[in-house]
Amino acid sequence: MTSTEREKLIQQYADGPRRLGEAFAKVPAAARQWRPAPGEWSAHEVICHCADSETTSYSRIRYVLAEKDPLIVGYDQEEWARRFDYHALPIEPALAAVASVRLLTTTLLRTLPAEAWSRKGRHTEMEEYSAEKWLEIYAEHLEGHAQQIENNLAAWRKTQR
């Protein structure tokens with residue numbers, strides 16, 4: 001990955017909370033806990049998942065950058081959504097958690113020397129887990145969930161006709 005490609009991904013990563021928040025703000029209160037199908041998440045659940053995922057990713061990149069041969073442990077996101085009853089959790093702290101960890105991590109990413117990006121760890125769910133791989137995953141993460149929320153909203157609106 002070139003430094004230009006990396007900076008573009010870091011900017012996408014930095015823009016993620018704004019994009020996620022804008023998508024969620026468009027969802028009327030009546031649609032926030034609506035699920036488009038059994039087993040799919042509501043917009044509210046998506047936000048709570050993002051808070052859990054982003055706080056987990058905050059630790060993951062730090063382990064990769066600072067530890068010798070770190071083991072990054074995966075988790076069952078569906079089980080977390082059920083066990084933690086995402087619909088019972090408040091949205092504002094979840095959005096704040098996402099914004100906070102992204103802001104602090106963006107600052108870290110922009111100060112890393114070039115050699116830091118080649119650091120690697122092991123992940124329980126994939127073969128290689130490097131700092132660059134982490135960036136590729138999480139630069140896209142909130143954009144993907146913003147689109148999911150927008151798709152949920154479009155599907156909900158069709159049920160209101």
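The protein exposes about 8,800 Å² of surface, and carbon and sulfur atoms supply 52% of that area. The model is predicted. Its secondary structure comes to 5 helices and 3 strands. The radius of gyration is 17 Å, close to the 15 Å that the globule rule gives for 161 residues, so the protein is as compact as a globular protein of that length.

**Overall build**

- Along the sequence, the elements follow the pattern α-α-β-α-α-β-β-α.
- Taken along the principal axes, the C-alpha atoms fill a box of roughly 55 × 30 × 25 Å.
- Of the 161 residues, 43% are buried.
- Take the contacts with a separation of 6 or more: 78% of them join residues 24 or more positions apart.

**Charges**

- The protein carries 21 positive side chains and 24 negative ones.
- The centres of these two sets lie 3 Å apart.

**The sheet**

- The 3 strands form an open sheet. Their order is S1-S2-S3, and the pairing is mixed.
- Strand S1 covers residues 71-72, and strand S3 covers residues 126-130. Both stand at the edges of the sheet. Each has a single partner strand, so one side of each is left without a neighbour in the sheet.
- Strand S2 spans residues 120-123. S2 and S3 run antiparallel, and 3 bridges join them.

- Leu 142 sits in helix H5, which spans residues 131-159.
- Is Leu 142 buried or exposed? Its relative accessible area is 0%, and buried means under 20%, so Leu 142 is buried.
- Which residues touch Leu 142, leaving aside its neighbours within four places in sequence? The contacts are Gly 16, Pro 17, Leu 20, Cys 50, Glu 54, Val 98 and Arg 102.
- Leu 109 and Leu 142 are 33 residues apart in sequence. In space they are 17 Å apart, C-alpha to C-alpha.

Technical notes
Residues are numbered from 1 along each chain as its sequence is written. This is a predicted model: local features need pLDDT of at least 70, side-chain atom pairs count only at pLDDT 80 or more; totals for chains, interfaces and linings use all residues. Side-chain values use heavy atoms; hydrogens and water are left out. Two strands pair if DSSP finds at least two bridges between them. Helices (H or I, at least four residues) and strands (E, at least two) are DSSP runs, numbered from the N terminus. Buried means under 20% relative accessible area, exposed over 50%, partly exposed in between (1.4 Å probe, protein chains only). Contact means heavy atoms within 4.5 Å. The radius of gyration is taken over C-alpha atoms; the globule rule is 2.2 Å times the number of residues to the power 0.38. Accessible areas come from the Shrake-Rupley method with a 1.4 Å probe; for residues, only the protein chains shown count as cover. Lys and Arg count as positive and Asp and Glu as negative; His and the chain ends are not counted. The place of a charge is taken as NZ of Lys, CZ of Arg, CG of Asp or CD of Glu.
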